[in-house]
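I opened my notebook to look up a metal site and the residues around it. Here are my entries, in the order I made them.

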Amino acid sequence: MADTSALVLFSGGQDSTVCLAWALARYERIETIGFKYGQRHSVELGQRGIIREKLARLGETAKRLGADTVLDLPALQSISDTALTRETEITFAATGLPTTFVPGRNLLFLTYAAALAYRRGINTLVGGMCETDFSGYPDCRNETIQTLAQAIGLGLASPMSIETPLMFIDKAGTWALAQTLGGDDLVQLIIEDTHTCYVGDRSNRHAWGYGCGICPACELRAKGWTEWQRQTN
Ligand code: ZN
């Protein structure tokens, strides 16, 4: 099958929104998938529909945006004990990994996405994993992702490629990519509608968007924005 369709792992955050815009520029048919796994705050998931609607109005590629699927994975909550799913403080664990780390989460997400993609005749997954500047999540590394793609392809007896357009760029690079893909309109959409704040704050508006401004996700997003502004001015 020609590489004309893709399934995008779309959470409603900045990274997956840029990935969705990237896919819309590249594939003829794009579907999206999201996961509910007992996140403390469903703010991010709530933004998904709004972002999809606005993206669909942004340009020529709008008609390529197809179905959205949200899968419920409550079992993930019962095997994780992290700041994302319990009311515990977000601090760094002794391992050096943030307590927001859900062990193997991306492996599970990609495997579920692959199963859905297979059923829908899609052989490319797109995800916002990035090994450059975040917390060293081992399931975000390129080697992990590409080895998983091989295992999935073997397991399905059908090739499944996993594209990760953000893998080797930093957060400033993600803003720059958004600008390249969709100009000011896309940058504005990302500021106003995407959500990455760990504590679910949408009452504080900063130059880079909504969030508490102090959690690790906000810090990273703000830092990337500042760096991108510095590079472009
Ligand atoms: Zn925050």
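Entry 1. I began with a cut-off: a residue counts as buried when its relative accessible area is under 20%. I also noted that I am working from a predicted model. With 5% relative accessible area, Cys 197 is therefore buried. I checked Cys 212 too, and its 18% makes it buried as well.

Entry 2. Which residues coordinate the zinc ion? I found the SG atoms of Cys 197, Cys 212, Cys 215 and Cys 218, at 2.3 to 2.4 Å. Next I looked at the angles: the 4 donor atoms subtend 106 to 117° around the zinc ion, so the arrangement is tetrahedral. For comparison, I jotted down that the ideal angle for four tetrahedral donors is 109.5 degrees.

Entry 3. I read the donor spacing along the sequence as C-x14-C-x2-C-x2-C. Cys 197 sits in the loop between helix 6 (171-193) and strand 6 (205-206), while Cys 212 sits in the loop between strand 7 (209-210) and helix 7 (216-232), so this pair ties together parts that are 15 residues apart in sequence.

Entry 4. I then turned to Asp 201, which I located in the loop between helix 6 and strand 6. Is Asp 201 buried or exposed? I have it down as buried, yet without a salt bridge. Its nearest side chain of opposite charge is Arg 202, 7.9 Å away.

Entry 5. What does lie by the side chain of Asp 201? I found the backbone nitrogen of Ser 203 at 2.6 Å from one of its polar atoms. Leaving aside residues up to four places away in sequence, Asp 201 touches His 195, Tyr 210, Gly 211 and Cys 212. That brought me back to a zinc donor, Cys 212.

Technical notes:
Residues are numbered from 1 along each chain as its sequence is written. This is a predicted model: local features need pLDDT of at least 70, side-chain atom pairs count only at pLDDT 80 or more; totals for chains, interfaces and linings use all residues. Side-chain values use heavy atoms; hydrogens and water are left out. Donors are N, O and S atoms within 2.8 Å of the metal (3.2 Å for Na, K and Ca); water is not among the atoms, so sites may look incomplete. Four donors count as tetrahedral if all angles lie between 85 and 135 degrees; four count as square planar and six as octahedral if opposite donors are over 155 degrees apart and all others between 65 and 115; anything else is irregular. Helices (H or I, at least four residues) and strands (E, at least two) are DSSP runs, numbered from the N terminus. Buried means under 20% relative accessible area, exposed over 50%, partly exposed in between (1.4 Å probe, protein chains only). Lys and Arg count as positive and Asp and Glu as negative; His and the chain ends are not counted. A salt bridge is a side-chain nitrogen of Lys or Arg within 4 Å of a carboxyl oxygen of Asp or Glu. A polar contact is a pair of N or O atoms within 3.5 Å; within protein, one must be able to donate a hydrogen and the other to accept it, and residues adjacent in sequence count only if both atoms are side-chain atoms. Contact means heavy atoms within 4.5 Å.
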